[in-house]
Amino acid sequence: MTRSLAVAVKKVEGAFTLDVDFIAGEGVTGIIGRSGAGKSMLLSTIAGLQEPDEGTIHLGGAPLYDPARNIKLAPEHRELGMVFQEARLFPHMTVKSNLNYARRNTQAALATFDEIIDLLDIPHLLSRRPHHLSGGEKQRVAIGRALLSAPSALLMDEPLASLDLARRREIMPFLEQLRQRFALPILYVSHNLDETLRLADHVIVMDQGSIVASGPVEETLSRIDVQSLILGGTTGGSHPEPVTIMAATIGARASDGLYAIDTPWGTLAAPDIAGAPGSSARLRIRARDIVLSTVKPTGLSIRNIIAGEVGTMTEAGSAQVDILVRPPDPSAAPPLWARVTRRAATQMDLQPGQPIWALIKAVVLASDIDLEALR
Amino acid sequence: MLELTDAEWIALVLSLKVAVTGVAVSLPFGFAIAWLLARKTFPGKLLLDGLVHLPLVVPPVATGYLLLVLLGVNGPLGSWLNDQFGIRLVFTWQGAAIVAAVMGFPLLVRALRLSIEAIDVGLVQAARTLGASPLRVFVTIILPLVSPGLIAGSLLAFSRALGEFGATIAFVGNLPGETQTLPLALYSALQSPGGEEMGYRLVGLSVLLAIATLAASELLGRSVRRRLTGAPQ
């Protein structure tokens, strides 16, 4: 049977109320929201480190928390692996002892010890103490330790948030492998749009203790209200810059070094994309990185020129306008957001419904995703 | 010079026995109280904190007298112990060990409390999610991480017990071979004519013992810290 985590809990703490109800199946469910949205509180409630005021928690149909049936499993009996923001390695033990801390139930093991340490590339660290590891190494060991406890679901609470950009890039491929390798429900808490874009299959958006949106990643995170919630205040002040999110498949690399990227908008070209040919990725294109033209341009260095029509136009402050560019077939592709100056919009006499060409610089698509770019 | 007389040997061995027993008796209580003070909030916490520190600030003779009132043969606790178990603490080395335990208690609790407070609760949570019961967490995480405080606190309490004078003489008297620890033997020697030579030797002995304890504390502490972090020091 497929494993799923069903959570319906309510917990009041001072003026804050956590009140959520969702089911997470196999694969990565991203839980995204600003700090203070209750994401970490939710995870530690699921793990049994905090008790909700009411509600139930079920894993694979079996109750972990169901007070009506007098079931309140202690954290050690919940079979949930948890990875925290800080690695929380036991300082007085070697890496190997840390990894072996959980008493393994070999029947439920996800993989052998050797397979897991190979996957995380930590075999050379086994005899070391946590004190001597870099931040990225510590977090890899912490992930391995959680996996070796043979969990039925994995809870990850901002595992990259305390790492610098280089370390995040180091860990990201391991997390992606995790998703592909193990058929587990994985709850991945983050406040970072790009991490969620890269890892999650489904996403739950939280604000002030409640779920404000949930669903497939592209669809949910393309919503402008979701974007202004997650990105609000950090880009563009009171008018956060919209972001276009597109599923893409990485194609072949041409002899000049550019990759062909298949998107719902057609094939685009990009250099240095993170991911092997054939793998899928998500593109995130900031509105300011799209140039609009009323005529099909020639003689430009821009490689990616796509045809569409002008959709809604939204004021973004006094000097700028956000323009939604619709594809010829609205069901085939998500709309693109472009931000232009009001002067440009006036002089080009942009009107909803008119044909338009959207220009995207190839280098902008290089999705060696800059995790720092948005928050 | 270090040829000890029988009387000196007896006092030395008794001192060690009393101090070690006292520390051993106070350890479980000290740990429990330190845990309460470090990790729990409850009404009367400040009061408990104050009570624990009393032996540090009250004149030792007063503490000894209080113990005598409480644990003496006619005291409320003492008469009960005597009736139920036939235990008599007054004028016995066991009584001296109780004094040692009480006098060293604040030092032990302070060191343990600091050590417990320094343990990251996150480690405990991580261990629980890895399937460890509270007991296993205590044995595998808390005890090892608290061991520097345990060692420092125990040795401090041990040193305090070795030097104990006022409370001991008030509670259990000064009986050679039973309650006459080194400081009491030194006091008796200085009181008797011609006892200066024995006095000097007992002073030397006490100083040596103190230095040995300090050295042990430092060395043990260092090696434990090295073991805990794997860091070269």
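**Exercise 1. In which helix of chain A is A:Ser44 found? Then describe its surroundings.**

Solution. The model is predicted.
- Step 1: A:Ser44 sits in helix 1 (residues 39–47) of chain A.
- Step 2: classify its exposure. Its relative accessible area is 11%. Buried means under 20%, so A:Ser44 is buried.
- Step 3: list its contacts, leaving aside neighbours within four places in sequence. A:Ser44 touches A:Leu49, A:Gln50 and A:Met82.
- Step 4: look for a polar contact. The side chains of A:Ser44 and A:Gln50 make one, at 2.8 Å.

**Exercise 2. Describe the interface of chain A and chain B.**

Solution. 
- Step 1: count the residues. Chain A gives 23 residues to the contact and chain B gives 25 residues.
- Step 2: find the residues of chain A that lose the most area to chain B. These are A:Glu76, A:His92 and A:Tyr101, together 33% of what that side buries.
- Step 3: take the area. The two chains bury about 2,000 Å² between them, with 60% of it on carbon and sulfur atoms.
- Step 4: count the charged and polar links. There is 1 salt bridge between chain A and chain B. It joins the side chains of B:Arg128 and A:Glu76, at 2.6 Å from N to O.
- Step 5: name the elements on the side of chain A. Strand 7 (80–83) and helix 4 (135–148) of chain A each give two or more residues.
- Step 6: sort that side by class. It has 14 nonpolar, 4 polar and 5 charged residues.

**Exercise 3. Trace salt bridges within each chain.**

Solution. 
- Step 1: take the total. The count is 22 salt bridges over all chains.
- Step 2: go to the helices of chain A. A:Glu176 and A:Arg198 meet at 3.1 Å, N to O. A:Glu176 lies in helix 5 (residues 165–181) and A:Arg198 in helix 6 (residues 193–199) of chain A, so this bridge ties parts 22 residues apart in sequence. Both residues are buried.
- Step 3: go to the strands. A:Asp322 pairs with A:Arg339, with the closest N and O atoms 2.7 Å apart. A:Asp322 belongs to strand 18 (residues 320–326) and A:Arg339 to strand 19 (residues 336–341) of chain A, so the link spans 17 residues in sequence. Again, A:Asp322 and A:Arg339 are buried.
- Step 4: turn to chain B. B:Arg201 bridges to B:Glu8 at 3.0 Å. Helix 10 (residues 196–229) holds B:Arg201 and helix 1 (residues 6–39) holds B:Glu8, 193 residues apart. B:Arg201 is buried at 16% relative accessibility, and B:Glu8 is buried at 2%.

Terms used:
Residues are numbered from 1 along each chain as its sequence is written. Chains are lettered from A and ligands numbered from 1 in the order in which they are written. This is a predicted model: local features need pLDDT of at least 70, side-chain atom pairs count only at pLDDT 80 or more; totals for chains, interfaces and linings use all residues. Side-chain values use heavy atoms; hydrogens and water are left out. Contact means heavy atoms within 4.5 Å. Buried area is the accessible area (1.4 Å probe) that two parts lose on being put together, summed over both. A salt bridge is a side-chain nitrogen of Lys or Arg within 4 Å of a carboxyl oxygen of Asp or Glu. Helices (H or I, at least four residues) and strands (E, at least two) are DSSP runs, numbered from the N terminus. Ala, Val, Leu, Ile, Met, Phe, Trp, Tyr, Cys and Pro count as nonpolar, Asp, Glu, Lys and Arg as charged, and the others, Gly among them, as polar. Buried means under 20% relative accessible area, exposed over 50%, partly exposed in between (1.4 Å probe, protein chains only). A polar contact is a pair of N or O atoms within 3.5 Å; within protein, one must be able to donate a hydrogen and the other to accept it, and residues adjacent in sequence count only if both atoms are side-chain atoms.
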